[in-house]
Structure formats: structure tokens, C-alpha cells
Amino acid sequence: MADDWDERFGWAWDLISEDPARRDAAHLRLDGLRLARAAAGTRQQHEEASRRLLPDGLWIGSRPGLARLPRAVRYRLLFLDWEVRFPHEWAWHAKSWPTKKSLLRTFHQHVDELPDWVRTVLVDLVLLVVARPHRLGDERYARLARVLVDDRLRDGLRELGEHADEGVRLRAGYLTWVVGTRILPEPKPGQWRDYLQELGLVEEPPERSPAILSQVDQGRVPTLVRCPRCDGPAAAACPVPGQARPVWRLACSDCPYTATRRPEFKQGNRRDGSEVHDPVFRLPLWLQQPCAGGRLWAYGTGHLDAIEQHLRARVRLADGGAYLPAYQVDLPDWMMPLDRRDELLAGITALRATVPTASVAH
């Protein structure tokens, strides 16, 4: 079995090489394996191609155990190491969040079987994760840290706690807090908020604001669009939301134009910077404009307020992340870097100035 693993995945060590040329060659090989599987004419050919492909081949032909499969463990650790060191290349060529979570869960469940060299590699990965921006599934590294904690991990976290980057310092402090507070349940994303509150870095609002996009989707909050007759602002909403087949109504504030529609389904928008339309009448949104290299848009002033509130979140980390207690809206990645915040806030001010005083789109 050892020879089989090396024969199938020995090339994969180049995925974490510091030499870009070697990584590129490994990426091409991985892409070629994926094309070979897609061209497989029989089930046997498909299975054989999958055995040589990451991440599929990590599980094929073996149970998820650890102690009896040391070679399998090395390549499973390699897959995690690749995601930590070169996350964008990993996401482009072999992204699999379920595999990442499953691997981390397996190491956590079999921690008593881990030999010292595996524990050493996992501690290294935990420290590397703390030193980079948070990614999906990273909370499972916090769970691992609680069962792997030793002097080496504590020393590494203490060193990262003095890092120049505020985000790294906060993440190191959070993990130290999680590891040291044994009465806490298993680490989960919500504990990040509790940790920040304990430091006095966030303030919980007296009442959590309702999710604005959910209200818009139900038609409870009007969407501001361009009238197809006069190009003025028109409000689209559902006067009686909650029905099985609701009727949406469109009314222009500048002319007598009205329209109704019972949507069979709601259409989305492309995220390529092109013009954004409402999901029911398919009319251009009133509140949209190019901004900071993308397209800034909102369904109405309430949605615009939620975006601004998120951008002004008190905790803004140096890696571009933000934490907002009254979390109302997801922002695309291009809006998150700190160096774009001022331009985006200026764009929000400009959009808000175009809203007619009499508009009901809140």
C-alpha cells in the first residue's frame, strides 16, 4: 500500500514547493488527471482516474483511520498543508471544503492514535492558520488545538500574539483563550464574537436588526427600480406578502405607470460588474453605479444602510475582514479590502443623494 500511495501521489509534493515552476507543473498534471477522468469511457477507467486525483484519491481504497495507514496520513496532511500555504492555488485546482473539514474531523477524532510526527505537523498547521486570514472550515483547527495543546503550541501563539498585524494578534489571542478556557464547549464560529466582546472590541446592539435581504425577497421592503416609461424611480413591492402566490406591484413616483406581476420564479444577477436588475420585474435598480473596480448596488435605502453599517463595522482587521454584531448583509470579496472602504462609502453617499425625498424604498 505504501508503494501504491507514493506511485499515485508522489508528484503532489511539488504542490507545496517554494519554486513556482514546480508548482505550475504539478497544477498541469492535476488538471490533466481531471481531464482524463472526464474522458473515461468505462466505470473502471473512471475509478482508476479518481484514485490518482486529489482530493478524491485520498479516501479511495482505505478507511479514514490513521495509525495503520501512515503513508495515507502523509498525503492527507499534504492536502491540508497545500490549502494553508497556497490557498488560491488550492481553490483553483482542487477546492473541496468538505474534504478539508472531513480530514480535520478525522484527525480530531483519532487524536489518541497520532504519532508524534503527525502531532508536530498539525501544530505547525494550526500556527500557520492563525497567521493568515480566516478561511472556511478553519474553526476545526481550533478544535484540534484544544486536543493538541503543548508548550510548543503555547509558545507559538504567544509569539504570534505580538505580531505586527492586528488580525494575527486577535486570532492568536482567540486561540489562546479557547485553549485556556476548558469550560467552553467545542470551539465554534460564534465564540469569536464572544471573545471580541470580552476584549471590548464590539458592542452588541440593544436589538438585532432584521435581515434586510430577507425582507426584500419577501416583498416587505420596496425595491427601487427605474420606471420603464419615464426612467424615473419606481418602487416594486408585494402589498400582501406571505401568500402562496403573491402578487408584486410596481408604481412610479414620477408618472402614472403601474404594473403587477405574479412571479413564477425570481431571477438572479451576474456578478461580473454588469447592470443589476430586480428579481421580479427585471428592471434596472435605481441604486447602482461602478465603484472601486466593481459595481456598487442596493435594492433600496435600507439595503444601502446595511451595506454602510457593515463597512463601518468597529472591528476592521488588517487582512480585510470585518465583524459586525448586527450582521445583515453579505458583501462580495472585492468590497472587503480596507483600502477600498473610503471609496465605497463615498459611493454610498452619492447613491443616497439620488433617492427622491418622497421615495418609499426603505
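**Figure 1. Arg37, a buried arginine in helix α2.** In this predicted model, Arg37 has a relative accessible area of 19%, so with a cut-off of under 20% this residue counts as buried. Arg37 belongs to helix α2, which covers residues 20-38. Who surrounds this side chain? Setting aside neighbours within four places in sequence, Arg37 is in contact with His46, Ala49, Ser50, Leu53 and Asp56. With Ser50 there is a polar contact of 3.2 Å between the two side chains. Leu53 sits 16 residues away from Arg37 in sequence, and their C-alpha atoms are 8.7 Å apart in space.

**Figure 2. The cis peptide bond between Leu54 and Pro55.** Take a look at the backbone here: the peptide bond joining Leu54 and Pro55 is cis, with omega at about 5°. Pro55 is placed in the loop between α3 (43-51) and α4. Leu54 also turns up in the next view, as one of the residues that touch the most other members of the largest nonpolar core.

**Figure 3. The largest nonpolar core and a second, separate one.** The largest nonpolar core has 49 residues, and those touching the most other members are Trp11, Leu54, Trp82, Phe107, Leu122 and Tyr141. Helix α4 (residues 70-85) gives the most to this core, contributing 9 residues. A second core is separate, has 20 residues, and counts Val216, Val221, Ala259 and Leu285 among its members. For a close look at one residue, pick Leu122: beyond residues up to four places away in sequence, Leu122 touches Leu77, Phe107, Leu114, Leu144 and Leu148.

**Figure 4. Helices α4 and α7 side by side.** How are these two helices arranged? The angle between α4 and α7 is about 10°, and their axes are 10 Å apart. The two helices are therefore roughly parallel to each other. On the α4 side, the contact is made by Pro70, Val73, Arg74, Leu77, Leu80, Asp81, Val84 and Arg85. From α7 come Trp117, Val118, Val121, Leu122, Leu125, Leu128 and Val129.

Figure 5. Which residues of α9 (151-160) are buried? They are Leu153, Gly156, Leu157 and Leu160. These four lie on the same side of α9, because they cover an arc of only 95° around the axis. As a rule, an α-helix has 3.6 residues a turn, so residues three or four places apart point the same way. On the other side of α9, you will find Asp151, Arg158 and Glu159 exposed. The cover over the buried residues of α9 includes α7 (116-130), α8 (139-148) and α10 (166-180). At the start of α9, Asp150 brings a side-chain oxygen to within 3.2 Å of the backbone nitrogen of Arg152.

**Figure 6. Two residues with positive phi, Asp231 and Ala292.** Neither is a glycine, yet phi is positive in each: near 65° for Asp231 and near 55° for Ala292. Asp231 is in the loop between β1 (223-226) and β2 (233-237), while Ala292 is in the loop between β5 (287-291) and β6 (294-298). Buried or partly exposed? Asp231 counts as partly exposed, because its relative accessibility is 44%. Ala292 has a relative accessibility of 10%, so this alanine counts as buried.

**Figure 7. The whole chain, for orientation.** Of its 362 residues, 47% are buried. Among contacts with a separation of 6 or more, 57% are between residues 24 or more positions apart.

Terms used:
Residues are numbered from 1 along each chain as its sequence is written. This is a predicted model: local features need pLDDT of at least 70, side-chain atom pairs count only at pLDDT 80 or more; totals for chains, interfaces and linings use all residues. Side-chain values use heavy atoms; hydrogens and water are left out. Buried means under 20% relative accessible area, exposed over 50%, partly exposed in between (1.4 Å probe, protein chains only). The arc is that of the directions from the helix axis to the C-beta atoms. Contact means heavy atoms within 4.5 Å. A polar contact is a pair of N or O atoms within 3.5 Å; within protein, one must be able to donate a hydrogen and the other to accept it, and residues adjacent in sequence count only if both atoms are side-chain atoms. A nonpolar core is a set of buried Ala, Val, Leu, Ile, Met, Phe, Trp, Tyr and Cys residues joined through side-chain atoms within 4.5 Å. Axes are lines fitted to C-alpha atoms, for helices over the stretch in contact, and angles run from 0 to 180 degrees between N-to-C directions. Angles under 35 degrees count as roughly parallel, over 145 as roughly antiparallel, 65 to 115 as roughly perpendicular and the rest as oblique.
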